[in-house]
Every structure is written in C-alpha cells, then in structure tokens.
Amino acid sequence: MITILIIEDQEDVNLMLAEALTYAGYKVKSSFTGVDGIKEIQNNSYDLILLDIMLPYKSGDEILKEMRNFSETPVIVISAKDMVGTKIDLLKLGADDYITKPFDLGEVVARVESNLRRSQKQIQGSKIFQYKDLALDDNTKRVTVDEIEMELTAKEYMILELLVKHAGKVFTKSNLYESVWKDEYLGDDNAVKTHISNLRNKLKKANRNEDYIETVWGLGYRLYRE
C-alpha cells in the first residue's frame, strides 16, 4: 500500500489531511514536529510527504534541505506563505509541489495522485539491479539495502556498480583501479583495499546478517554467490 507522511504541527489540520488521504485509500503516518518528521524520513520509507513549513524545533525548509541529501521522495509543501519568492525558494530546495493554506481537500488529494503518478513513471524508467536485499538504481545512482538508502562516495558506488552489474565475475585489483580511478595500475593496492573495506563496513552496518563482497584469494573480489 502507498504510504504518505504528513508533517504538520496543527493537530486539526494534520487529522483532516490524514482522514482525507485514508479515505482515498492511502496508508498515512503523522508527525507533529520537525524533529520527529526528519527522524521518520531517515528511518522509514514513504512514497510521498506532505510538509508544512512553520514547524517547531526544525522548520520545513530545513527538513527539505536535509532530506534531499539522501532521499528523492516526492514532497508537497503545504503552507500559509503565499509569496511567489517563498514558493520559488522551496521548489529550488527540492519541493515537487506547493499548496497554499487554506486549501481544498479535493485539490490536495488530486495533487497527491498527480505527484505519485509522476514519481512512478520515473521509477519505471529506471534500470534497477538487484542482489539479495540490495538494489542499485542505474538511473538515479541510488543504492538501498532493505529499502534503506546508503550513503556512498562516488568511488564506492562505482566499485559496487561493477560488482553488482557483473554478479559472479571476479574483478582483480587492477581491473577495479583502472575502471574506477581511470588510471594505470602500478601495483599499489592500498586505494582499492581501503575502498573495499569501507564499502564492506557500510554494507555490514546496513544489514549485519548478510555478506555481500567476497575476497577470492590471489585473484580479487566478487559478490558472494547466492
């Protein structure tokens, strides 16, 4: 079921939105402060977020700026601020849509449906490679483990991309270095070993019950065979 997060500190408004979206067939979770809202986004997966701007402890624009570092979930801002400059600033920060208070519930539901359709089209246009509970999106360059997005450096992503796209193939340190660093391999394997180690640590932190990258002694690295 599609799940929507509402971050709105006014209890009556939050409840009204939740009831309308539940009636429309969506699963809804409500947060009433900015701090609780960003925790929800960090710890759980949502299909769309309705975000107020004037929130206690952490403002909506702070949430938007922070979450865009790790999430592309569609965000519809709902705010009493109706100045054009404010709308432009929030859209530049990463908002997908903007609704001004007071609003019509029918319009809110219609905007939600429209943004979800657009988001689903983008997802369908992506090429996603799957290994165990790890998913690598070749289009957006996002990696998730058990649907939680990982924070990888560019070179960590490139190493993982090679391993996932060619599951089972053994990559020597020379293969990896020349493919990722775009330079001739001269025998110094510290860079490759360090990045593989960091990548393993991040994967282990994401799921302690799985092993992903296997060392093939004397040869190189590959994904563990499923």
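User: Hi! Is Leu105 buried, partly exposed or exposed, going by its relative accessibility?
Analyst: Hello! Leu105 counts as partly exposed, because its relative accessibility is 29%. Bear in mind that this is a predicted model.

User: Thanks. Which helix is Leu105 found in?
Analyst: Leu105 belongs to helix H5, which covers residues 105-124.

User: And what is Leu105 in contact with, neighbours within four places in sequence aside?
Analyst: Met16, Leu17 and Ala20, once those neighbours are left aside. For Met16, the C-alpha to C-alpha separation from Leu105 is 8.4 Å, although the two are 89 residues apart in sequence.

User: Let's follow Leu17, then. Where is Leu17 found, and is it buried or exposed?
Analyst: Leu17 is in helix H1, residues 11-23. It is buried, since its relative accessible area is 2%.

User: What does Leu17 contact, leaving aside neighbours within four places in sequence?
Analyst: Its contacts are Ile6, Leu50, Ile78, Phe103, Leu105 and Val108. Leu50 sits 33 residues from Leu17 along the chain, with 9.1 Å between their C-alpha atoms.

User: Changing topic: how many salt bridges does the count come to?
Analyst: The count comes to 17 salt bridges. One of them pairs Arg68 with Asp96, and their closest N and O atoms are 3.1 Å apart. Arg68 is in the loop between helix H3 (60-67) and strand S4 (75-79), while Asp96 is in the loop between helix H4 (84-93) and strand S5 (97-100), so this pair ties together parts 28 residues apart in sequence.

User: Which residue forms a salt bridge with Glu107?
Analyst: That would be Arg111, with 2.8 Å between the closest N and O atoms. Glu107 is partly exposed with a relative accessible area of 32%, and Arg111 is partly exposed with 25%.

User: What about Lys204, which residue does it form a salt bridge with?
Analyst: Lys204 forms a salt bridge with Asp211, the closest N and O atoms being 3.0 Å apart. Lys204 is partly exposed at 30% relative accessible area, and Asp211 counts as partly exposed at 42% relative accessibility.

User: Now Asp133. What is the nearest side chain of opposite charge, and how far away is it?
Analyst: Lys132, at 7.5 Å. Asp133 is buried yet has no salt bridge. Its side chain does make a polar contact with the side chain of Asn207, at 2.7 Å.

User: Where does Asp133 lie, and what else is it in contact with?
Analyst: Asp133 lies in the loop between strand S6 (128-131) and strand S7 (134-137). Neighbours within four places in sequence aside, Asp133 is in contact with Thr144, Val145, Asp146, Asn207 and Tyr212.

User: Last one: at what angle do the axes of H6 and H8 cross?
Analyst: At roughly 85 degrees, and the axes of H6 (residues 154-165) and H8 (residues 190-206) come within 10 Å. The two helices are therefore roughly perpendicular to each other. On the H6 side the contact is made by Lys155, Glu156, Ile159 and Leu160, and on the H8 side by His195, Ile196, Asn198, Leu199 and Lys202.

Note on methods:
Residues numbered from 1 in each chain as written. Predicted model: local features only at pLDDT ≥ 70, side-chain atom pairs only at ≥ 80, totals over all residues. Heavy atoms only, no water. Helix = DSSP H or I, 4+ residues; strand = E, 2+ residues; numbered from the N terminus. Buried < 20%, exposed > 50% of the residue type's maximum accessible area, 1.4 Å probe, protein only. Lys, Arg positive; Asp, Glu negative; His and termini not counted. Salt bridge = Lys/Arg side-chain N within 4 Å of Asp/Glu carboxyl O. Polar contact = N/O pair within 3.5 Å; in protein donor to acceptor, adjacent residues only side chain to side chain. Contact = heavy atoms within 4.5 Å. Axes fitted to C-alpha atoms, helices over the stretch in contact; angles between N-to-C directions. Parallel < 35°, antiparallel > 145°, perpendicular 65-115°, else oblique.
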